[in-house]
Amino acid sequence: MGDLLTDIFGEAISVERRLVIFTMPDKRTRLFDGLAAVDGYCRQASDQGREVYFGLGLVRGTPKGRGEAGDMAALGALWADIDLAGPAHPGKALPESIAEVEGLLAELPLPPSVVIDSGHGVHSYWLLKEPWVFEDEADRRRAATFSR
């Protein structure tokens, strides 16, 4: 996971801009101010049967839980979580296969930088040239608008 996080955030992770790692089903959140301990923590959580996720926005301060939009300090990528039809998502009009998702992604003006099979769908990431470190609330609002 460390290589992907380096690709997304580069050197932007710091004491002022921390990475959020959260696990399920325990809903535990941990903040990291560097990448050195992330792989070990994620491996241990996975070995204990927990699912491991990372936030795509670096957070400032000590937010409750995973943080909210107002807690974001930087953004390293845009993303899409595209679910597949199946037992994990019953009764929803979703793509039937990875090939169908790839066809949808091919129709977009820019191809994603990274595509990962998430098990019940696809996570697609469009990496920014460098992380967008927010200077103020106006930057956060622009990033939210841009990501929509």
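Predicted model: local features only at pLDDT ≥ 70, side-chain atom pairs only at ≥ 80, totals over all residues.
## The loop between strands 1 and 2

Pro 25 is joined to Met 24 by a cis peptide bond, for which omega is about 10°. Lys 27, which is also found in the loop between strand 1 and strand 2, has a positive phi of about 55° although it is not a glycine. In general, most residues other than glycine have a negative phi, and most peptide bonds are trans.

Lys 27 has a relative accessible area of 64%, and because exposed residues are those over 50%, Lys 27 counts as exposed.

The strands form an open sheet of 3 strands in the order 2-1-3, with antiparallel pairing. Strand 2 (28-32) and strand 3 (51-54) stand at the edges and have a single partner strand each, so that one side of each is left without a neighbour in the sheet. From one strand to the next, the twist averages 25°.

Strand 1 and strand 3 are paired in the antiparallel sense over 4 bridges, and Met 24, the residue that takes part in the cis peptide bond with Pro 25, stands opposite Glu 51 in strand 3. Helix 2 packs on the sheet and touches strand 1, strand 2 and strand 3, while its direction makes about 10° with that of strand 1.

In soluble globular proteins, nonpolar side chains tend to be buried together. The largest nonpolar core here has 19 residues, of which Ile 8, Phe 9, Leu 19, Ile 21, Val 38, Phe 54 and Leu 58 touch the most other members. At least two residues of this core are supplied by each of helix 1 (2-9), strand 1 (19-24), helix 2 (38-47) and strand 5 (72-83), and helix 1 gives the most, with 4 residues.

Phe 54, one of the residues that touch the most other members of the largest core, has contacts that can be listed in detail. Leaving aside residues up to four places away in sequence, Phe 54 touches Met 1, Leu 4, Leu 5, Ile 8, Leu 19, Val 20, Ile 21, Phe 22 and Tyr 125.

Conventions. Residues numbered from 1 in each chain as written. Heavy atoms only, no water. Core = buried A, V, L, I, M, F, W, Y, C linked by side-chain atoms within 4.5 Å. Buried < 20%, exposed > 50% of the residue type's maximum accessible area, 1.4 Å probe, protein only. Contact = heavy atoms within 4.5 Å. Pairing = 2+ DSSP bridges. Axes fitted to C-alpha atoms, helices over the stretch in contact; angles between N-to-C directions.
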